[in-house]
Amino acid sequence: MALLKMKFSQQRRVRLAQGLWLLSWLAVMCGAFIFCLGVYLKIELLRRDEVMENTEIHVVPNLLMMVGLASIGANWVASRVCQDSLDASRFPRWKVLLLGWYAVALLLCCLLLAVVVLSYALQGRLEESLKVGLRNGIRFYKDTDVPGRCFQKETIDRLQMEFRCCGNNNFKDWFEVQWVSNRYLDFTSQEVKDRMRSNVDGRYLLDGVPFSCCNPASPRPCLQNQLTDSRAHYNYEYQSEELNLYSRGCRQALTDYYMGLMNSTGPGVLSVILIQMAVVMRYLQTAVEGAMALESPEGESEGYILEKDVKATYADVKAKALDLLKFAQVDPASEAAGAEEGEKADEATEKAATTAA
């Protein structure tokens, strides 16, 4: 007994083919969107490559681009199938390929679901990568004359201004590193000497932050230095004052930004479209094949999802798979018999050669 069987007249088959043709091109556009989303995410990750410790998160945009391209191709093929289904002379050539198309559609849905799962699963890895990368970026901020790090200052400054953030976790991260290069320090100054003697590493530590941490929305002029000294500024209290600096750390800002991109609804929407399209495409295939088997191709035919029920279909697929495995295996008995026949043939040849001699 066929599963989910429906009756299709000639007019209903035409409408079904037209509707599927439109749906297939909608899926093509969704595939293009997924591909563009993957490209955009890849570019954004590469732009911040200097503040990331590893590239594990790149698997997400790579999968998006691959699935997007595959979806464009698969759904373009589906549009051609829908178009040719109205022509009895052109549709039979797609009969063998449709089984592969269903497999590709199922695989694309699984990959899209994998992208969604990976987007959540890799959030911890992304945060850890940003944590280590930003910590190194802040530490190398002063190395503007060191090859390989000369653009680190510009990268961090632009990052803090673009994402309206400061430091790794917060602005206090800048208190723990020397972010002013020695070439800009006056070592004859007593203040510089005192600061460098104040810690065992001999670093010039400040309770200040770079200019890129300043929040332009603050009504007060930016306070960059002596932030922990309430007496250094008029009408200022460090413990209670709402500083005119960005309060959010850059790790959190970047994590929110990338997770927002990866957790978009595009993969889910495309999954629904592909699943729906695969089901309805099966109706079109079986309805057209049924009509072609009739004496009158314009007559009413039946369309269904499975020719038999689920249990019977599973048994048929299992039997076919076992037949393929048996065909691929070599029978030991036949192999032994073949070896014996070969030995007998060799002995006969040797005897004939001896007799001739």
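Arginine 158 is exposed, with a relative accessible area of 53%. Here buried means under 20% relative accessible area, exposed over 50% and partly exposed in between, with a 1.4 Å probe and protein chains only. This is a predicted model, so local features need pLDDT of at least 70 and side-chain atom pairs count only at pLDDT 80 or more, while totals for chains, interfaces and linings use all residues. Residues are numbered from 1 along each chain as its sequence is written, and side-chain values use heavy atoms, with hydrogens and water left out. The structure holds 13 salt bridges and 3 disulfides.

- The side chain of arginine 158 meets that of glutamate 154 in a salt bridge, 2.9 Å from N to O.
- A salt bridge is a side-chain nitrogen of Lys or Arg within 4 Å of a carboxyl oxygen of Asp or Glu.
- Both glutamate 154 and arginine 158 lie in helix H5, 4 residues apart, or about one turn of the helix.
- Helices (H or I, at least four residues) and strands (E, at least two) are DSSP runs, numbered from the N terminus.
- Glutamate 154 is partly exposed, at 37% relative accessible area.

- Arginine 47 and glutamate 44 form a salt bridge through their side chains, at 3.0 Å from N to O.
- Arginine 47 and glutamate 44 are 3 residues apart in helix H1, so about one helical turn separates them.
- Glutamate 44 is buried, with a relative accessible area of 4%.
- Arginine 47 is partly exposed, with a relative accessible area of 44%.
- A network of salt bridges links Glu44, Arg47, Arg48 and Glu162.

**Salt bridge of arginine 231**

- Arginine 231 and aspartate 229 meet through their side chains in a salt bridge of 3.8 Å, N to O.
- Arginine 231 is exposed, at 78% relative accessible area.
- Aspartate 229 counts as partly exposed, at 26% relative accessibility.

- Cysteine 165 and cysteine 250 form a disulfide, with their sulfur atoms 2.1 Å apart.
- A disulfide is a pair of cysteine sulfur atoms within 2.5 Å.
- The pair links distant parts of the chain, 85 residues apart.
- Cysteine 165 sits in the loop between helix H5 (152-163) and helix H6 (190-197), and cysteine 250 in helix H7 (residues 250-262).
- The link of cysteine 165 and cysteine 250 is right-handed, with 90° about the S-S bond.
- Cysteine 165 is buried, at 0% relative accessible area.
- Cysteine 250 is buried as well, at 2%.

- Cysteine 166 is joined to cysteine 213 by a disulfide, S to S 2.1 Å.
- Cysteine 166 lies in the loop between H5 and H6 and cysteine 213 in the loop between H6 and H7, so the pair ties together parts that are 47 residues apart in sequence.
- The link of cysteine 166 and cysteine 213 is right-handed, with 85° about the S-S bond.
- Cysteine 166 counts as buried, at 0% relative accessibility.
- Cysteine 213 counts as buried at 0% relative accessibility.

- A disulfide joins cysteine 214 to cysteine 222, with an S to S distance of 1.7 Å.
- The torsion about the S-S bond of cysteine 214 and cysteine 222 is about -65°, so this disulfide is left-handed.
- Cysteine 214 counts as buried at 16% relative accessibility, whereas cysteine 222 counts as partly exposed at 32%.
- Counting bonded cysteines along the chain, the disulfides follow the pattern 1-6, 2-3, 4-5.

**Two further cysteines**

- Cysteine 30 counts as buried, at 17% relative accessibility.
- Cysteine 82 counts as buried, at 2% relative accessibility.

**Helices H1 and H2**

- The axes of helix H1 (residues 10-47) and helix H2 (residues 59-84) come within 7 Å and cross at roughly 165°.
- Axes are lines fitted to C-alpha atoms, for helices over the stretch in contact, and angles run from 0 to 180 degrees between N-to-C directions.
- H1 and H2 are therefore roughly antiparallel to each other.
- Angles over 145 degrees count as roughly antiparallel, under 35 as roughly parallel, 65 to 115 as roughly perpendicular and the rest as oblique.
- By class, the contact of H1 with H2 has 22 nonpolar, 9 polar and 1 charged residues.
- Ala, Val, Leu, Ile, Met, Phe, Trp, Tyr, Cys and Pro count as nonpolar, Asp, Glu, Lys and Arg as charged, and the others, Gly among them, as polar.
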